Structures are given as structure tokens and as C-alpha cells.
Amino acid sequence: MDLAYIPSPSTGVIHLGPIPLRGYAFCIIIGVFVAVWLGNRRWIARGGKPGTVADIAVWAVPFGLVGGRLYHVITDYQLYFGEGRNWVDAFKIWEGGLGIWGAIALGAVGAWIGCRLRGIPLPAWADALAPGIALAQACGRWGNWFNQELYGRATDLPWALKISEGPNRVAGTYHPTFLYESLWCVGVALLVIWADRRFKLGHGRAFALYVAAYCVGRGWIEYMRVDEAHHILGVRLNVWTSIVVFLLAVTYLVLSAKLRPGREAIVEPDREPSGGSEPAAEAGSESATAKAGAGAVPKAGSEPAAKADAPKTGADADPKAGATAEDKTTDGDEAAGAKAPEAKKL
């Protein structure tokens with residue numbers, strides 16, 4: 001008798017009238033939102049603009065879904081093109097079946113297109129999104145729980161996953177490999193965040209660390225699974241893929257650190273007009289102010305300088321000859337003031 005186990009949902013879909021709400025799809029959608037949210041925060045912290053991560057994700061996510069489905073169908077073609085199979089099922093993505101390797105590969109193509117359109121470097125964007133991708137995988141793995149798929153060998157551990165009888169599965173308790181991978185992905189996300197803060201990873205190295213760390217976990221988790229898969233030299237295909245991708249990621253980490261140390265100083269150059277007309281307007285207003293100041297009527301304190309520049313002529317002997325209009329006005333006022341007392345005496 002099983003004393004403890006993780007129950008599986010009786011169904012992976014709830015019908016809201018004619019609309020089916022599938023748990024697998026919800027997990028994928030939640031994962032995408034988590035990745036974009038965290039990626040946006042990290043992008044802004046590195047000097048990027050709000051919304052850039054989401055704009056590029058519009059390209060990366062559809063490409064990633066197509067790539068993930070293609071990888072799954074190609075590597076498990078017998079499920080769709082074997083005897084008694086219906087090839088139309090290859091398009092039923094809601095029933096499960098996304099290969100992370102294809103999703104990352106083709107998703108990177110979509111991200112590259114989006115980055116080119118925005119004029120930003122793809123490695124910097126990938127670094128910002130790396131831990132978010134790991135968390136998205138952690139969320140997405142719970143979709144396998146809804147579909148009762150991708151479990152491991154039989155076990156009677158307290159955290160065993162109980163699987164009900166169904167197509168291509170036998171009732172029993174198994175290792176919850178979906179849970180193992182979900183927890184591993186959370187650990188990978190935390191590792192990348194810590195390493196990025198500690199070592200200031202740049203030029204795609206945070207993303208490479210995510211890939212390498214994920215491959216380590218995927219290797220031993222994949223080895224525990226019992227679902228049908230292709231084998232090479234007695235080892236599951238995805239285990240070999242994990243080994244190869246891990247070596248490539250570590251090689252990139254080492255070479256990138258030597259060739260391009262440090263982190264990008266600018267991740268998103270300003271592609272909008274820099275506002276050159278505004279400084280010109282300010283300069284024009286300053287020059288206008290200067291001209292206005294130069295054309296202003298000089299006050300008494302500036303008279304000696306004006307007189308010193310004037311050539312000495314016979315007018316020097318006659319103060320009125322060299323007087324300015326202001327001086328004459330002043331002299332006229334003084335003369336009027338001098339006559340005023342005489343008028344009073346009369």
C-alpha cells in the first residue's frame with residue numbers, strides 16, 4: 001500500500017463551454033510571461049529600454065515553439081508516422097511534445113531577427129533573458145504533470161508520482177522526473193543570477209552558463225526516464241545531445257572570457273534622433289541674448305571705455321561734442337533742473 005505519493009490530475013483539460021482550457025498550454029504561457037518579466041528587469045538594470053525584451057520575444061517565442069515541436073517530431077517520428085499512426089497528430093502541440101533543443105535553436109533565430117531590427121547585440125539580450133528561460137522551463141514542466149507524461153522509473157518513494165492507466169502508459173508510481181527538472185531549472189536560474197552579479201558576465205556568457213548548467217541536470221534526469229526514445233550506443237539520444245551541447249557551452253565560456261572579457265558598456269544604442277535641433281535652438285537663443293546685451297544702451301559705468309576707444313579730436317576740449325545721446329539727455333535734464341530754482345525765485 002502506498003502511504004504517500006504525488007497524485008496526477010484526472011484530466012489535463014477543462015472545458016469552459018465549447019472552449020477547452022488545457023493545463024499544458026497554461027504552463028507554457030505562464031513560463032513565457034515569467035521569462036519576459038524577469039528578462040525585462042535585467043535588461044533595464046543593464047541600461048536597456050523597457051519593453052525591448054517583450055518586442056524581441058514576439059519574434060523569439062513563435063520561432064521557439066515551432067523549433068521545439070519540429071525537434072520533438074523529428075526525434076520521435078515513430079509516434080506520428082509509424083504504422084497505425086496519424087501524421088496529423090504531429091500538429092497537435094497541445095497534447096505535449098516540445099524539444100528544448102529545437103526551441104532554443106530556432107528561438108535564437110527569431111531573437112536574432114528581432115535584435116537586428118532594434119539594432120542591439122543578441123548576446124547581451126540572451127544574457128538578460130537566460131535565468132528567465134530557466135524559470136520558463138520550470139513552469140513548462142508542470143504541463144507534463146497535467147498530461148501524465150515524461151515520468152521516470154517505477155519507485156515507492158514518498159514523492160513518487162502516481163500515474164493512471166491510459167494510452168501508452170501503465171498505472172503505477174514512478175519517479176516524478178518532471179518535478180526533478182522543474183526544481184533543477186529553478187536552481188539553474190538562481191545560479192546564473194548569482195554568477196552574473198558576482199563576475200559581471202557579458203557577451204553571451206550568462207546564457208552559456210545557463211545552457212551548460214541545464215545540460216548537466218538534463219543528462220541525469222533524461223537517463224531516468226522510461227518513455228520511448230531513440231538510443232545511440234545504448235544511450236538515449238537526448239543524453240548525447242546534452243553532452244555535446246554542454247561541451248559547446250563550456251568552450252564558448254572559456255573562449256569568450258579570453259577574447260572579449262568584461263561586459264558590454266552599452267546594450268541598446270539610441271536609434272532615435274538625438275535632438276540635434278534642440279541644442280541649436282538653445283545656442284540661437286544664447287546668441288540672441290548676447291546680441292541683445294551687446295546692443296543695449298551702455299550705462300554710466302561703461303562710458304569711460306567708450307570714450308577711451310574714440311579718437312582724440314577737438315571735441316575732447318568740448319565735452320558736449322563727444323557726448324552721446326544719453327549724455328545730452330542727461331545734460332538737458334540737469335540744465336532744466338538748474339533753471340527750475342530761478343523760476344521759483346521769480
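Predicted model: local features only at pLDDT ≥ 70, side-chain atom pairs only at ≥ 80, totals over all residues.

Trainee: How many helices and strands does the protein have?

Mentor: Helices (H or I, at least four residues) and strands (E, at least two) are DSSP runs, numbered from the N terminus. The protein has 12 helices and 6 strands.

Trainee: What share of the residues is buried?

Mentor: Buried means under 20% relative accessible area, exposed over 50%, and partly exposed in between (1.4 Å probe, protein chains only). Of the 346 residues in the protein, 35% are buried.

Trainee: Which residues have the most contacts inside the largest nonpolar core?

Mentor: In soluble globular proteins, nonpolar side chains tend to be buried together. A nonpolar core is a set of buried Ala, Val, Leu, Ile, Met, Phe, Trp, Tyr and Cys residues joined through side-chain atoms within 4.5 Å. The largest one here has 34 residues, and Trp43, Trp125, Val192 and Tyr210 have the most contacts inside it. Helix 2, helix 4, helix 5, helix 7 (177–199) and helix 8 each supply at least two residues of this core. A second, separate core has 8 residues, among them Ile6 and Leu161.

Trainee: What does helix 4 pack against?

Mentor: Contact means heavy atoms within 4.5 Å. The buried residues of helix 4 pack against helix 2 (52–75), helix 5, helix 8 (205–224) and helix 9 (237–259). Those buried residues include Ile100, Trp101 and several glycines, one of them Gly107. After helix 4 comes Gly119, with a positive phi near 70°.

Trainee: Which residues does Gln137 touch?

Mentor: Gln137 lies in helix 5 (residues 122–140) and counts as buried because its relative accessibility is 10%. Leaving out residues up to four places away in sequence, Gln137 touches Ile100, Glu181, Cys185, Tyr210 and Tyr214.

Trainee: How many salt bridges does the structure hold?

Mentor: A salt bridge is a side-chain nitrogen of Lys or Arg within 4 Å of a carboxyl oxygen of Asp or Glu. The structure holds 14. In one of them, Arg42 pairs with Asp196, with the closest N and O atoms 2.8 Å apart. Arg42 is in helix 1 (residues 23–45) and Asp196 in helix 7, so this pair ties together parts 154 residues apart in sequence. Asp196 also meets Arg263 in a salt bridge (2.7 Å, N to O). Asp196 is buried, at 6% relative accessible area, whereas Arg263 is partly exposed, at 29%.

Trainee: Which residues form a nonpolar patch on the surface?

Mentor: Patches are made of residues with over 30% relative accessible area and no salt bridge: like charges are joined within 9 Å, nonpolar side chains (Val, Leu, Ile, Met, Phe, Trp, Tyr) within 5 Å. Accessible areas come from the Shrake-Rupley method with a 1.4 Å probe, and for residues only the protein chains shown count as cover. Here Tyr77, Phe81, Trp87, Val88 and Phe91 form such a patch, with about 590 Å² of accessible area together. Val88 counts as partly exposed because its relative accessibility is 35%.

Definitions and conventions. Residues numbered from 1 in each chain as written. Heavy atoms only, no water.
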